[in-house]
Amino acid sequence: MRVSRGSTLLALAAGLALGGGFALSVGNTAIVPEAPFRGLVVERQWRDGEVAHLYRIPLRAGDFVRVAVEQRSSDVILEVLAPGEAAPGVVDGFTYATGTDAFEWVAAVSGEARLRVVLGTAVGATPGYRLAISTLRPAGPRERLRAAAFAGFLAAETTRGEPCVTGLRGALRLAELARAPDLAALIHDRLGRRLPPDDPEALRHLRMAVAMADEPQLRGAAWHKFGNLLGDLNRHREAKAAFEAEHRLAQRAGDRFREAHASVAWPGSRGDGVISRRRSRSIAKLFGSGRSSAIGRRR
């Protein structure tokens with residue numbers, strides 16, 4: 001998940017000037033559910049010419065809110081501008097066109113939060129996403145710890161080197177205090193990527209991410225990075241086992257992208273791939289040129 005606090009929001013949907021409640025802008029249409037806002041689940045497909053969908057939520061100071069975008073054959077970017085913030089948080093996950101990008105926080109002040117789901121890359125015939133916004137509720141102790149852990153994660157990801165690692169470790173402690181294994185798994189995964197490849201702690205954190213992740217795509221991404229690190233250390237048999245685990249997980253989850261990602265990771269380095277090269281090429285063709293170029297990236 002690439003995260004930035006410094007990027008600016010692209011132009012908000014033109015002509016959206018709806019009073020009160022919650023507003024959803026898709027193309028030239030707008031829908032306003034009844035207030036008060038009690039959460040939302042919406043499934044959308046990208047239409048020709050669309051580049052972003054805008055959502056607005058009225059928040060009161062102290063409200064806890066979680067936003068999660070399940071990517072469906074489209075690599076999306078989630079931008080969140082919280083009330084009182086000068087710049088949005090931007091989340092773009094490592095799971096490419098599958099998996100979930102999420103953002104959660106406690107509103108520091110009352111006001112309107114603006115969420116944008118931005119299309120990065122469309123894949124396949126019916127690219128889209130499923131957006132879930134939690135019911136607003138006053139934050140309790142656990143929600144505040146979760147929000148603090150997530151904020152620490154975001155802040156750490158704006159840095160590099162030792163400051164990044166230190167920030168991630170602090171966020172991990174907060175996630176553990178919040179008893180939030182899903183968030184801890186995300187931070188373990190990120191620590192495994194940010195530590196030097198030859199640091200034994202990198203492998204330990206990736207093992208923890210694999211063990212704790214409840215989302216198959218995040219677990220698969222952790223297996224993949226784990227295999228890459230083992231391969232760099234010339235621990236080829238263990239690397240192969242990691243890619244095989246990623247491949248099995250992807251097959252069970254029906255994630256064809258992750259299946260292809262695992263299948264092309266091992267062939268070429270030693271010649272005895274997880275599955276055959278012919279099978280690997282046939283899977284890659286399922287995604288067209290846009291995705292094929294992404295399969296080879298080591299992330």
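Of the 299 residues in the protein chain, 50% are buried. Buried means under 20% relative accessible area, exposed means over 50%, and partly exposed lies in between, with a 1.4 Å probe and protein chains only. This is a predicted model: local features need a pLDDT of at least 70, side-chain atom pairs count only at pLDDT 80 or more, and totals for chains, interfaces and linings use all residues. Residues are numbered from 1 along each chain as its sequence is written, and side-chain values use heavy atoms, leaving out hydrogens and water.

**Stop 1: the whole chain**

Switch to a cartoon view. The protein chain has 9 helices and 12 strands. Helices (H or I, at least four residues) and strands (E, at least two) are DSSP runs, numbered from the N terminus.

Now show the surface. The accessible surface of the protein chain comes to about 13700 Å². Carbon and sulfur atoms hold 52% of that surface. These areas come from the Shrake-Rupley method with a 1.4 Å probe; for residues, only the protein chains shown count as cover.

Think about contacts too, meaning heavy atoms within 4.5 Å. Take those in the protein chain between residues at least 6 apart in sequence: 71% join residues at least 24 apart.

**Stop 2: colour by confidence**

Colour by pLDDT, the predictor's confidence in each residue, from 0 to 100. The protein chain averages 80, and 76% of the residues score at least 70. Select residues 1-22: here the pLDDT is below 50, although the stretch has 69 contacts in the model beyond near neighbours in sequence. Next, select residues 25-34. Their pLDDT stays under 50 as well, and the model gives them 20 contacts beyond four places in sequence. Where pLDDT is low, the predicted coordinates should not be read in detail.

**Stop 3**

Select His224. Helix 5 (residues 216-232) holds this residue. Is His224 buried or exposed? His224 has a relative accessible area of 3%, so it is buried. Leaving aside neighbours within four places in sequence, the contacts of His224 are Phe243, Glu246, Arg258, His261, Ala262 and Ala265. Show side chains: those of His224 and Glu246 are joined by a polar contact of 2.8 Å. A polar contact is a pair of N or O atoms within 3.5 Å; within protein, one must be able to donate a hydrogen and the other to accept it, and residues adjacent in sequence count only if both atoms are side-chain atoms.

Move to helix 7 (residues 256-265). How many of its 10 residues are buried? The count is 7, so helix 7 is mostly covered. Among them are Phe257, Arg258 and His261. Look at the start of helix 7: a side-chain oxygen of Asp255 comes to within 3.0 Å of the backbone nitrogen of Arg258.

**Stop 4: Leu203**

Select Leu203, in helix 4 (residues 200-212). Leu203 counts as buried because its relative accessibility is 6%. Leaving out residues up to four places away in sequence, Leu203 touches Phe226, Leu229, Leu230, Leu233 and Arg235.

**Stop 5**

Pick Val90 in strand 8 (residues 89-92). At 9% relative accessibility, Val90 is buried.

Go on to Arg114 in strand 10 (residues 111-122). Arg114 is partly exposed, at 28% relative accessibility. Its side chain makes a polar contact of 2.8 Å with the side chain of Glu112. Arg114 and Leu54 are 60 residues apart in sequence, but 7.2 Å apart C-alpha to C-alpha.

**Stop 6: two loop residues**

Most residues other than glycine have a negative phi. Ser73 has a positive phi, near 55 degrees. Find Ser73 in the loop between strand 6 (63-72) and strand 7 (74-81). Arg179 also has a positive phi, near 50 degrees. Arg179 sits in the loop between helix 2 (161-177) and helix 3. With a relative accessible area of 56%, Arg179 is exposed.

**Last stop: the largest pocket**

Select Thr100, Ala102, Leu186, Glu215 and Leu218. Of the 20 residues lining the largest pocket, these lie nearest its centre. Strand 9 (100-106), helix 1 (141-156), helix 3 (181-194) and helix 5 each give two or more residues to the lining. Which helix gives the largest share of the lining? Helix 3 does, with 5 residues.

Definitions and conventions. On a 1 Å grid over the protein atoms alone, a cavity is a set of points where a 1.4 Å probe fits but cannot get out, and a pocket is an open set with protein on both sides within 12 Å along at least five of seven lines; lining residues have an atom within 4 Å of a point.
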